[in-house]
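Visitor: I would like to learn how to read a protein structure. Could you walk me through this one step by step?

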Amino acid sequence: MHALICDDDPGTRLLVRHLVVQKLGWTVAECADGVDALHLLGRSTFDVAILDIEMPQLDGVSVVEAIRSSPKLRDLSIVMLTSEHREDVVRRLIALRVTDYIVKPPNVQTTISKLERIQQRLSAVAPALKR
Amino acid sequence: MIDVVIPPAYLDQSVLADIRGLNTPDEDVLGEVISLYVDDVPKQLSALAAAIGAGQTEVVRQIAHRLKGSSLGVGASRMASLCSAIECAAHDHAIDHAAVHAEGLAAEFVVTSRALEQEKRAS
């Protein structure tokens with residue numbers, strides 16, 4: 001599994017990176033802004049994008065909109081990192097088929113459970129697609 | 001100078017324990033996260049003061065929101081509450097209220113950074 005972690009807070013990126021690499025054995029790429037996230041998503045193949053909602057230049061909601069409107073990326077699993085509780089933002093993200101949420105501060109066990117669930121779902125889908 | 005010991009309960013110990021659980025014999029993850037936070041906050045506080053001075057409420061809200069997230073990430077709940085108050089004040093264009101809370105935030109950081117340095121030494 002290969003994950004993109006995008007958050008403008010370096011501490012959050014560091015923590016999520018350690019968590020994903022150590023506890024799940026995934027590989028990761030990181031960036032601090034939505035513009036860089038779209039560049040990386042266009043250049044490499046990722047299984048999951050873990051995105052902060054509020055970032056400079058291009059926010060997480062705009063990144064999700066771009067992902068869902070891209071033929072190559074539209075089915076990508078997306079997990080939002082958030083301390084955001086604004087109802088309009090949450091409604092928009094649900095409409096955009098966000099896979100899950102991690103509320104800041106990211107709890108290690110909860111985060112692992114959520115990401116493992118995505119990994120299991122992707123593992124179950126992958127053999128079916130090969131048939 | 002008197003070396004004041006900040007009580008552990010000043011920070012959310014459940015958050016710190018969670019991060020400490022990621023420490024390995026080779027890597028002090030909690031220490032790294034704390035260092036990033038303690039280095040970053042003064043820059044954010046300066047940017048916040050400048051934005052308040054310029055009356056840029058949206059920039060104030062964005063900085064406060066980011067600081068809230070990073071403060072929650074190191075168990076600095078008091079910092080996060082003040083950031084939340086600044087965020088609300090900026091959202092309501094109440095720049096004077098934001099300024100008052102920002103002064104409180106700067107003072108709070110003095111104590112919080114000491115408490116975090118204690119945790120770093122203990123990790």
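Guide: Gladly! Let us begin with a term: two strands pair if DSSP finds at least two bridges between them. Please keep in mind that this is a predicted model.

Visitor: Thanks! Which residue in β4(A) does L51(A) stand opposite?

Guide: Start with the strands: β3(A) and strand β4 (residues 77-82) of chain A pair in the parallel sense over 5 bridges. Within this pairing, I50(A) has V79(A) as its bridge partner in β4(A). For L51(A), the residue standing opposite in β4(A) is M80(A).

Visitor: And over how many bridges do strand β1 and β3(A) pair?

Guide: Strand β1 covers residues 2-6 of chain A. One position to look at is A3(A), which stands opposite V48(A) in β3(A). The two strands pair in the parallel sense, and the number of bridges is 4.

Visitor: Is strand β3 of chain A largely enclosed or open?

Guide: Look at both sides of the strand. V48(A), I50(A) and D52(A) point one way, while A49(A) and L51(A) point the other way, and all are buried. In general, side chains in a regular strand alternate between the two faces of the sheet. For strand β3 (residues 48-52), 5 of the 5 residues are buried, so the strand is largely enclosed.

Visitor: What about β4(A): how many of its residues are buried?

Guide: On one side sit S77(A), V79(A) and L81(A), and on the other I78(A), M80(A) and T82(A). Both faces are covered, with all of these residues buried. The count for β4(A) is therefore 6 of 6.

Visitor: Which residue in β5(A) stands opposite T82(A)?

Guide: β4(A) also pairs with β5(A), in the parallel sense and over 4 bridges. In β5(A), the residue opposite T82(A) is V103(A).

Visitor: Is Q57(A) buried, partly exposed or exposed?

Guide: Q57(A) lies in the loop between β3 and α3 of chain A. Its phi is positive, about 65 degrees, although Q57(A) is not a glycine. With 11 other C-beta atoms within 10 Å, Q57(A) is exposed.

Visitor: And how should I class R97(A)?

Guide: R97(A) is found in the loop between α4 (87-95) and β5 of chain A. R97(A) is not a glycine either, yet has a positive phi of about 60 degrees. There are 14 other C-beta atoms within 10 Å, so R97(A) is partly exposed.

Visitor: Turning to chain B, how far apart are the end C-alpha atoms of helix α3?

Guide: Helix α3 (residues 57-73) of chain B has 17 residues, and at 1.5 Å a residue they should span 24 Å. Of these residues, 13 are buried, so α3(B) is largely enclosed by the rest of the structure. Just after α3(B) comes G75(B), with a positive phi of about 75 degrees.

Visitor: Which helix of chain A gives the most to the side that touches chain B?

Guide: The contact takes 16 residues from chain A and 20 residues from chain B. The side of chain A that touches chain B has 6 nonpolar, 6 polar and 4 charged residues. The most, 8 residues, comes from helix α1 (residues 10-24) of chain A.

Key: Residues numbered from 1 in each chain as written. Chains lettered and ligands numbered in written order. Predicted model: local features only at pLDDT ≥ 70, side-chain atom pairs only at ≥ 80, totals over all residues. Contact = placed C-beta atoms within 7 Å. Nonpolar A, V, L, I, M, F, W, Y, C, P; charged D, E, K, R; others polar. Buried ≥ 20, exposed ≤ 12 C-beta atoms within 10 Å, placed from the backbone. Expected span 1.5 Å × (residues − 1).
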